[in-house]
Amino acid sequence: MEQINGIVLRTQDYGETNKILTLLTEQYGMISAVARGAKKNKSRMAAVAQPFIYGQYLLYMGKGMGTVHQGEVLHSMRHIREDIMLTAYATYIAELTTKLLDERSPNQALFKELLVSLERMEEESPLAIALMYEMKMYYIGGFAPVVDQCVNGHSDQPIAGFSVMAGGVVCEQCQYQTTDSIKISPQLYHVLKIMSHRSITNIRDISIKNETLEAIKHILNQYYDYYGGFTIKSKRFLQQMNDLQQE
């Protein structure tokens, strides 16, 4: 039996009264555990078995799936579940985590990144937060774009574009040698580097123009489609919600 801090990434019905929780834990990375009785409304377990809950769990850790015996809510993330747009963004980054992170692979920095991202979604741009988190997951997945200098090593040339096929940013010279280069401004490039390297825990206020965020989203969507390898089902729902907001 171990006491573990964890964030609920996903829940799945298991039998008539139970749920399987996929947790991102501080100590063990991503794990799965059965929460018995969690589907019963009056069960104490129901309160700690909801998506995006940050809680403290008493678990039996076996070689396979664990078992949740007790739980205490540390942060309910209620603001996310009560807002359909925030739910869509949180579901997206949670699914991205489950797709790209290996089970039982501890990563305390990622755990903190996800926790702070969820906590700040109520007050700041969920799109900006999701894009920052997404780029961190690209590093974990092993296919992060090159953003520090031109992919062809021209460190003394100003960056002028982004090439998905080349795998990152390109200078003015290389921009005209690629068939898929997307022109980017110096400001957009600056934001892209910040999102790629800086943790949200080190940024006090995220204030980025929506035009810049949409341009980066467009780039990352194309980039993930080319290198990602996993279908993210929640991404389609998120796009549908964004389309409805813009109508």
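**Cores, strands and helix faces in a predicted model**

L114 touches I7, L9, L24, I93 and Y133, not counting residues up to four places away in sequence; contact here means heavy atoms within 4.5 Å. Apart from the core described next lies another core, of 16 residues, with I4, V8, I31 and L59 among them. The largest nonpolar core has 65 residues. Those with the most contacts inside it are I93, L114, L118, F162, I184, M195 and I216. A nonpolar core is a set of buried Ala, Val, Leu, Ile, Met, Phe, Trp, Tyr and Cys residues joined through side-chain atoms within 4.5 Å. Buried means under 20% relative accessible area, exposed over 50%, and partly exposed in between, with a 1.4 Å probe and protein chains only. In soluble globular proteins, nonpolar side chains tend to be buried together.

The model is predicted: local features need pLDDT of at least 70, side-chain atom pairs count only at pLDDT 80 or more, and totals for chains, interfaces and linings use all residues. Residues are numbered from 1 along each chain as its sequence is written, and side-chain values use heavy atoms, with hydrogens and water left out.

Helices (H or I, at least four residues) and strands (E, at least two) are DSSP runs, numbered from the N terminus. Two strands pair if DSSP finds at least two bridges between them. Strands of a sheet pair through backbone hydrogen bonds, either parallel or antiparallel.

Strand β2 spans residues 18-25 and is mostly covered. Eight of its eight residues are buried. N18, I20, T22 and L24 point one way from β2. K19, L21, L23 and T25 point the other way. Strand β1 (residues 2-14) pairs with β2 in the antiparallel sense, over eight bridges. Q12 has I20 of β2 as its bridge partner. The two strands β1 and β2 form a hairpin with three residues between them. In that turn, G15 has a positive phi of about 75 degrees. On to β3 (residues 29-35): β2 pairs with this strand over seven bridges, again in the antiparallel sense. L23 stands opposite I31 in β3. β2 and β3 also form a hairpin, with three residues between them.

An open sheet of three strands has the order β7-β6-β8, with antiparallel pairing. Its edge strands are β7 (168-171) and β8 (182-183), each pairing on one side only. Strand β6 (residues 159-163) is joined to β8 by two bridges. G161 stands opposite K183 in β8.

Most residues other than glycine have a negative phi, and most peptide bonds are trans. F52 is not a glycine, yet has a positive phi of about 75 degrees. F52 lies in the loop between β3 and β4 (54-60). F52 is buried, at a relative accessible area of 5%. The loop between β5 (66-75) and α1 (78-81) holds M77. M77 is buried, with a relative accessible area of 0%.

I80 lies in helix α1. At 0% relative accessibility, I80 counts as buried. Leaving aside neighbours within four places in sequence, I80 is in contact with F52, L86, T87, A90 and L118.

Helix α8 covers residues 233-246. Its buried residues are S234, K235, L238, M241 and N242. Seen down the axis of α8, these fall within an arc of 125 degrees, so they line one face of the helix. The arc is that of the directions from the helix axis to the C-beta atoms. The face turned away from the buried side of α8 carries the exposed residues K233, R236 and L244. Cover for the buried residues of α8 includes α2 (84-100) and α7 (210-227).

E95 lies in helix α2. E95 touches T231, I232, K233 and S234, not counting residues up to four places away in sequence. E95 is buried yet has no salt bridge. A salt bridge is a side-chain nitrogen of Lys or Arg within 4 Å of a carboxyl oxygen of Asp or Glu. The nearest side chain of opposite charge, K99, is 4.4 Å away. Lys and Arg count as positive and Asp and Glu as negative; His and the chain ends are not counted.
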